Amino acid sequence: MRAIFDPRTQLLVVLIASGAVFLVDLSKLWQIIAFMAVYLIVQGMHRLAIRYLVIAAFLIVFQEILVRVGSSFFSSLSFLAYLGLRFLPVLMGAGSLGRVPSGKLIAALTALRLPRGLLISLAVSFRFLPIMRLEYEAIQTSAQLRGVSVTSPRNWLRPLRTFEYTIVPLLMRSLKISDELAASATTKGIDYPGQKTSIHTISFGLQDIIVLVAYTGWLVVVFQYGG
Amino acid sequence: MTGRLKTKDFILIGIFSILIYVVNAVVGSVLTPIMGAAAMPLISGFCLFFSAIVYLLMAMKIAKKGVLLVQCVVNGLVYTLMGVPLMLVFFSLAGLLGETVLYPGEGGQYRSLKRQALAYATYGGLFGIGSSVTIYVYGGDYLANMFAKDTLERMLYFAYSPIWVASSIVFSFVMTLLGCWFASKLLNKHFIKAGMIK
């Protein structure tokens, strides 16, 4: 059985996570990551949870090694690893938000009374991130065949050209996707001026209360007694 | 002839804003190990150099009032989710300033590459000092857990040195203009010839 949360709850979880990662000590950070992993698993996203846990383990080890070595170049690298580790809980929360159907997301954001235009931009940009990654991978595959891929070090010597070969196809695709999305949204009546209804019911349920209470409780425990 | 933003414009802005964010983030994290220690405030200039083409394409495609502002708000909300809600306010102000630069004229200015470049550069100059402003408002203590000690000291040094802040603004501004120049060449070569934008 998997729990389905209200998108507003998921937003709140992300917001709380982003506040918490600023305040928590690095040594206690893994406890928040652990909670977020459970949060993902409860929603039936086992593979996502495992992937993030592997990344977290890798970053922690990487960070430890870099701190031991300790030269100025490595300290900048460890700074990045550190930042990545810090934002992992936020990314995990956003990962579950990214799986919400866009109709449901829009319905939830409407309940928050955001201006309509902004809401559309926001919903689109949340959903676009995973699509962009797929597009990027496709572009890199064909770039590799032509020897102009970002991944081959030889091309790092001409950053401007490599940038052009990556960004232009990406922009072309983005324009196309936005056109298709606009056409599809229009046929579904997004421009209809009256009151809109949604097939998704947006309401806080028992599971939302449980997860929020558990989350705050866990954070209190982490900040008070953890580490 | 400018008109208001329509739904399809908002969709385009949504997609391109996140592209701008990603380009900035990727360039930023590639450059941080290379020049983070020596010249951290200058990194955002390079980020803006590369993201200029994304903004210009979006602005040329829509050519209406408010594109920059909505882009700023969406980017600000992404930062809010990442724990810095201050950036929402800051970016909105920077976006408003950019829109003000763009405002004088009869509507044709939204189709002018030069005017759009100037507006984006105005926003860019402020974007560059975003991290310093975070430090001014929240203070070093808030960030103490976030960053390692030597990194934080370096950030504080850069944030409170007037020369670095000024040079960061100027550098971001110039780099954005340069980026727009480079972008306009790319736009001519790929998009305008293909008829994707006018």
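**Two chains, one interface: a walk through the predicted model**

Let me start inside chain B. Leaving aside residues up to four places away in sequence, Gln71(B) touches Ile13(B), Ser17(B), Ile20(B), Met58(B), Tyr120(B) and Tyr123(B). Keep in mind that this is a predicted model. Where does Gln71(B) lie? In helix H3 of chain B. Its relative accessibility is 0%, so Gln71(B) counts as buried. One more distance here. Tyr55(B) is 16 residues from Gln71(B) along the chain, and their C-alpha atoms are separated by 8.8 Å.

Now a glutamine in the other chain. Gln10(A) is in helix H1 of chain A, residues 7-23. Gln10(A) has 3% relative accessibility, which is under the 20% cut-off, so it counts as buried. Which residues does Gln10(A) touch, not counting those up to four places away in sequence? Phe5(A), Tyr39(A), Gln43(A), Ser96(A), Leu97(A) and Val100(A).

Let me step back to chain A as a whole. Chain A has eight helices and zero strands. Along the sequence, the pattern reads α-α-α-α-α-α-α-α. The C-alpha trace of chain A spans about 60 × 55 × 30 Å along its principal axes. Chain A has 227 residues, and 44% of them count as buried. Take the contacts in chain A with a separation of 6 or more: 75% of them come from residues 24 or more positions apart. The accessible surface of chain A is about 12500 Å². Carbon and sulfur atoms own 68% of that surface.

On to the interface. The area buried between chain B and chain A is about 4400 Å². Carbon and sulfur atoms give 80% of that buried area. The polar side of the count is as follows. Between chain B and chain A there are five residue pairs in polar contact, both residues at pLDDT 80 or more.

Next, salt bridges. Over all chains, the whole structure has five. Between chain B and chain A, the count is one. That one joins Glu164(A) and Lys189(B), with the closest N and O atoms 2.9 Å apart. The pair crosses from helix H7 of chain A, residues 159-187, where Glu164(A) sits, to helix H8 of chain B, where Lys189(B) sits. Are the two partners buried or exposed? Glu164(A) is at 8% relative accessibility, so it counts as buried. Lys189(B) is at 46%, so it counts as partly exposed.

Take the one in chain B. Asp9(B) pairs with Lys64(B), and the closest N and O atoms are 2.8 Å apart. Asp9(B) lies in helix H1 of chain B and Lys64(B) in the loop between H2 and H3, so the pair ties together parts that are 55 residues apart in sequence. Both Asp9(B) and Lys64(B) are buried.

Then chain A. Asp6(A) forms a salt bridge with Arg8(A), the closest N and O atoms being 3.1 Å apart. Asp6(A) is buried because its relative accessible area is 4%. Arg8(A) has a relative accessible area of 19%; buried means under 20%, so Arg8(A) is buried too.

Last stop, the surface of chain B. Which residues make the nonpolar surface patch? Ile169(B), Val170(B), Val174(B), Leu178(B) and Trp181(B). The patch covers about 450 Å². Ile169(B) is in helix H8 of chain B, residues 162-192. H8 of chain B also holds Lys189(B), the partner of Glu164(A) across the interface.

How values were computed:
Residues are numbered from 1 along each chain as its sequence is written. Chains are lettered from A and ligands numbered from 1 in the order in which they are written. This is a predicted model: local features need pLDDT of at least 70, side-chain atom pairs count only at pLDDT 80 or more; totals for chains, interfaces and linings use all residues. Side-chain values use heavy atoms; hydrogens and water are left out. Patches are made of residues with over 30% relative accessible area and no salt bridge: like charges are joined within 9 Å, nonpolar side chains (Val, Leu, Ile, Met, Phe, Trp, Tyr) within 5 Å. Accessible areas come from the Shrake-Rupley method with a 1.4 Å probe; for residues, only the protein chains shown count as cover. A salt bridge is a side-chain nitrogen of Lys or Arg within 4 Å of a carboxyl oxygen of Asp or Glu. Helices (H or I, at least four residues) and strands (E, at least two) are DSSP runs, numbered from the N terminus. Buried area is the accessible area (1.4 Å probe) that two parts lose on being put together, summed over both. A polar contact is a pair of N or O atoms within 3.5 Å; within protein, one must be able to donate a hydrogen and the other to accept it, and residues adjacent in sequence count only if both atoms are side-chain atoms. Buried means under 20% relative accessible area, exposed over 50%, partly exposed in between (1.4 Å probe, protein chains only). Contact means heavy atoms within 4.5 Å.
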